[in-house]
Amino acid sequence: MPKRKPKSKQRSAPKPSWGDATLAIHAGEAEPGRNGPVVAPIERTANFVFADTAEMKRWAEGKSKAYIYTRYGNPTLAVAEAKLAALEGAEAAVVTASGMAAISSALLAVLKSGDELIATRQVYGGSYRLLRDVLPSFGIRVHFVEPDLAGVDRLVNERTRALYIETPTNPTLRVVDLRKAAAVGTRHDIVTIVDNTFASPVLQKPIALGFDMVVHSATKYLGGHSDLIAGVVVGSRTWIARVRERVINLGGSMDPSAAFLLARGLKTLELRVRRQCSSAMAVANFLERHAKVARVHYPGLASHPSHALARRQMSGFGGMLAFDLKGGLPAARRFCDRARIFLLAASLGGAESLIVLPQFTSHYKMSARELVAAGVAPGTVRISVGLEDAADLIADLKQALA
């Protein structure tokens with residue numbers, strides 16, 4: 001494997017004149033024949049039959065794209081992959097069994113023992129623990145930078161292979177400048193990878209801004225209904241072929257039933273995300289005016305440090321927000337226990353509005369210093385705004401804060 005990233009021209013998404021809603025519904029679907037199904041079926045099989053031994057031989061030699069075993073590929077998975085590649089404006093995609101399978105497979109497609117990685121410190125807690133604990137055990141050194149990427153060029157050396165970022169960040173919604181990060185990759189010839197989970201391809205498209213790979217926890221907005229665990233990596237055909245090898249060899253393949261649910265969820269992605277953006281803005285405005293709230297973390301607010309950047313690189317501010325209560329952890333726990341419409345549950349991006357305390361969920365097993373660096377205060381509450389009426393959500397917040 002070459003030390004640096006392969007030179008591969010990014011091809012436009014199929015039917016580039018189509019909008020996201022149209023792509024999400026029609027990309028990857030077979031042309032229906034007479035009496036054919038409107039919805040792609042679930043190929044509920046572990047393995048596939050070869051036509052003959054000649055085809056088996058061609059497959060072994062890499063000359064046939066025949067399906068052989070669902071861990072290697074499956075027609076149902078291919079539908080979801082085509083939709084996701086089209087939505088991100090990428091050449092290819094590979095779906096995985098979870099978001100962490102996508103992140104780890106993407107990183108391990110680039111990195112090996114002795115290599116170095118630069119990553120933003122403010123990332124999802126599971127990603128941070130992978131970077132802090134797991135990669136170093138493989139002989140991979142990780143350097144952390146803040147969301148503003150200050151000093152990133154000084155960290156690059158001959159062993160640096162990649163830059164990994166997340167934007168907006170979990171849980172305080174800091175926004176990393178995608179153009180600036182992509183320029184770092186170009187300047188130093190290193191691979192750029194971004195976690196686009198919080199924004200979804202509806203709100204930002206990092207491939208168009210120069211990123212090599214985009215990862216998602218497809219459990220969240222892409223699936224959208226809190227009923228599957230899934231991940232995806234999108235990028236050039238060259239990189240996705242390498243990531244797919246890692247997925248196959250490490251066993252992080254998606255199940256066909258999950259792929260079916262993912263493809264179904266994608267068909268309403270654009271509608272859901274736009275509604276969640278609108279409701280989150282209303283919730284953020286309410287919370288910012290509340291006497292018991294010290295600070296609201298939402299890039300749609302002018303008070304947020306990333307507001308101007310978010311306006312430049314996103315088409316909406318998302319359905320995620322966090323806020324700090326003046327009463328600290330006791331007040332945060334009391335608020336969460338009093339909420340009724342907002343469910344006290346981990347994860348995000350579904351139809352249901354959720355609340356969590358990050359220090360007990362996404363950012364558990366992190367020291368007090370690491371929590372401060374991640375922007376998590378004792379009274380920080382993270383909210384995933386769902387599809388309920390915004391007025392009902394605000395009324396629930398009002399009574400829970402009383």
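Predicted model: local features only at pLDDT ≥ 70, side-chain atom pairs only at ≥ 80, totals over all residues.
## Strand pairing around strand 4

Two strands are said to pair if DSSP finds at least two bridges between them. Strand 4 comprises residues 160-166. Its link to strand 2 (residues 116-120) consists of four bridges, and the two strands run parallel. Within this pairing, Ile 118 has Leu 163 of strand 4 as its bridge partner.

Strand 4 also pairs with strand 5, which spans residues 191-195; five bridges connect the two in the parallel sense. Two of the residue pairs can be named: Ala 162 has Val 191 of strand 5 as its bridge partner, and Tyr 164 stands opposite Ile 193. Strand 5 is joined in turn to strand 6 (residues 213-217) by three bridges, again with the strands running parallel. Here the bridge partner of Val 194 is Val 214 in strand 6.

## Burial of strands 4 and 5

Strand 4 is mostly covered, as seven of its seven residues are buried. Strand 5 is largely enclosed by the rest of the structure, because five of its five residues are buried. The covering of strand 5 applies to both faces: Val 191, Ile 193 and Asp 195 are buried on one side, and Thr 192 and Val 194 are buried on the other.

Strand 4, helix 7 (residues 178-188) and strand 5 together form a right-handed β-α-β unit. The loop between strand 4 and helix 7 contains Pro 168, and Pro 171 is found in that loop as well.

The bond from Thr 167 to Pro 168 is cis, with omega near -10°. The bond from Asn 170 to Pro 171 is likewise cis, with omega near 10°. In general, most peptide bonds are trans, and most residues other than glycine have a negative phi.

## Two serines with positive phi

Ser 200 has a phi near 70°, a positive value in a residue other than glycine. This serine lies in helix 8, which covers residues 200-203. Its relative accessibility is 1%, so Ser 200 counts as buried, the limit for that class being under 20% relative accessible area.

Ser 347 is not a glycine either, yet its phi is positive, at about 80°. It is located in the loop between strand 10 (343-344) and strand 11 (354-356). With a relative accessible area of 28%, Ser 347 is partly exposed.

## Nonpolar cores

The largest nonpolar core of the model has 86 residues. Those with the most contacts inside this core are Leu 262, Leu 287, Leu 321, Phe 323 and Phe 335. Among the elements of the structure, helix 11 (residues 269-288) gives the most to this core, contributing eight residues. Another core, of 34 residues, lies apart from it and includes Tyr 128, Ile 140, Ala 162 and Val 191.

When its neighbours within four places in sequence are left aside, Leu 262 is in contact with Ala 80, Leu 84, Val 95, Ala 218, Leu 222, Gly 223, Leu 228 and Met 254.

Methods:
Residues numbered from 1 in each chain as written. Heavy atoms only, no water. Core = buried A, V, L, I, M, F, W, Y, C linked by side-chain atoms within 4.5 Å. Buried < 20%, exposed > 50% of the residue type's maximum accessible area, 1.4 Å probe, protein only. Contact = heavy atoms within 4.5 Å. Right-handed = clockwise from strand over helix to strand, strands pointing away.
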